[in-house]
Amino acid sequence: MNPLKLSERLATVASFIEKGSVLADIGSDHAYLPCHLVKTGAIDRAVAGEVAKGPYESAVANVAKEGLSNAITVRLANGLAALQAEDNVETITIAGMGGTLIAGILEDGKARLEGVKRIIAQPNIHAIAIRSWCMDNGWTLVDERILKEDDKIYEILVLEQGQGTFSELELLVGPFLLAEKSPVFIEKWTRELEEWKRVLRAIENAGHSDEAFAKKSQLQSKIEMVGKVLSN
């Protein structure tokens, strides 16, 4: 992967960025995504935020190498602290982290979301945390994608301001992904179902504490919900 050729995962994230939008890519790593978007003319300006010094220096080097230092500002900052009011950021991308971490970044940086029209999140796990954050904070899902690349399954969530209400099942698996029920969706939740059943068996063999009972009930509920989806 490089600024001219993105992975399928990042290319899918890029496909949801509106042309001409001012972008902030949080956790930008090598800054491949903003470099690609500027080089292909999809956007004119971007901020690349990185919390770790090594990836930050890599992003600075890549932006300079591509001759894009005037178009892409790289900042060493934690989460949305990379955004400044004068950036006038309209779109935020946060990719390649856990869903709980992404939701935490959005929660901690809520004050910096004024003027932001779209958030594109690509959690590696626990997308439910982002959907729950949406429902509690005046954002809603407008689209979702699921894809498989290098034997890993990724979900991409597109958020815009608005009030959305999701059922327990929709929070877990995604309302758009549930409606589509693609082969990759079926594969992901089949894997999850088998893992839950394995954990449930282990709990049943381990004892009968209150904590084990609560965990068992939670797992049984998820197994029943997702089992119905897969059997229909």
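Predicted model: local features only at pLDDT ≥ 70, side-chain atom pairs only at ≥ 80, totals over all residues.

Residues are numbered from 1 along each chain as its sequence is written, and side-chain values use heavy atoms, with hydrogens and water left out.

- S2 pairs with strand S1 (residues 23-26) in the parallel sense, over four bridges; two strands pair if DSSP finds at least two bridges between them.
- Within that pairing, Gly49 in S2 has Ile26 standing opposite.
- S2 also runs parallel to strand S3 (residues 72-76), joined by five bridges, and Ala46 has Ile72 as its bridge partner in S3.
- The chain gets from S2 to S3 through helix H3 (residues 53-65), in a right-handed β-α-β crossover.
- Right-handed here means that, with the strands pointing away from the viewer, the path from the first strand over the helix to the second runs clockwise.
- S1, helix H2 (residues 32-39) and S2 make a right-handed β-α-β unit too.

**Thr91, in strand S4**

- Thr91 lies in strand S4 (residues 91-97) and, at 3% relative accessibility, counts as buried.
- Its side chain joins that of Ser21 through a polar contact of 2.6 Å.
- A polar contact is a pair of N or O atoms within 3.5 Å; within protein, one must be able to donate a hydrogen and the other to accept it, and residues adjacent in sequence count only if both atoms are side-chain atoms.
- Beyond its neighbours within four places in sequence, Thr91 is in contact (heavy atoms within 4.5 Å) with residues including Ile17, Val22, Arg118 and Ile120.

**Ile156, in strand S7**

- Ile156 sits in strand S7 (residues 152-161) and is buried, with a relative accessible area of 0%.
- Val13 is 143 residues away from Ile156 in sequence, yet their C-alpha atoms are 6.9 Å apart in space.
- Not counting residues up to four places away in sequence, Ile156 touches Arg9, Val13, Phe16 and Leu147, among others.

**Rings and charges**

- How many aromatic pairs are there? The count is two, where rings of Phe, Tyr and Trp (its six-membered ring) pair if their centres lie within 6.5 Å, and planes under 30 degrees apart count as stacked, over 60 as edge-to-face and the rest as tilted.
- Trp133 and Trp139 form a tilted pair, 6.5 Å centre to centre with 35 degrees between the planes, and both residues are buried.
- Trp189 and Trp196 have ring centres 6.0 Å apart and planes at 45 degrees, so this pair is tilted.
- Trp189 is buried at 5% relative accessibility, and Trp196 is buried at 8%.
- Lys188 lies over the face of Trp189, 4.9 Å from the ring centre; a charge sits over a ring if NZ of Lys or CZ of Arg is within 6 Å of the ring centre and within 35 degrees of the ring normal.
- The charged end of Arg9 sits over the ring of Tyr154, 5.6 Å from its centre.

How values were computed:
Helix = DSSP H or I, 4+ residues; strand = E, 2+ residues; numbered from the N terminus. Buried < 20%, exposed > 50% of the residue type's maximum accessible area, 1.4 Å probe, protein only.
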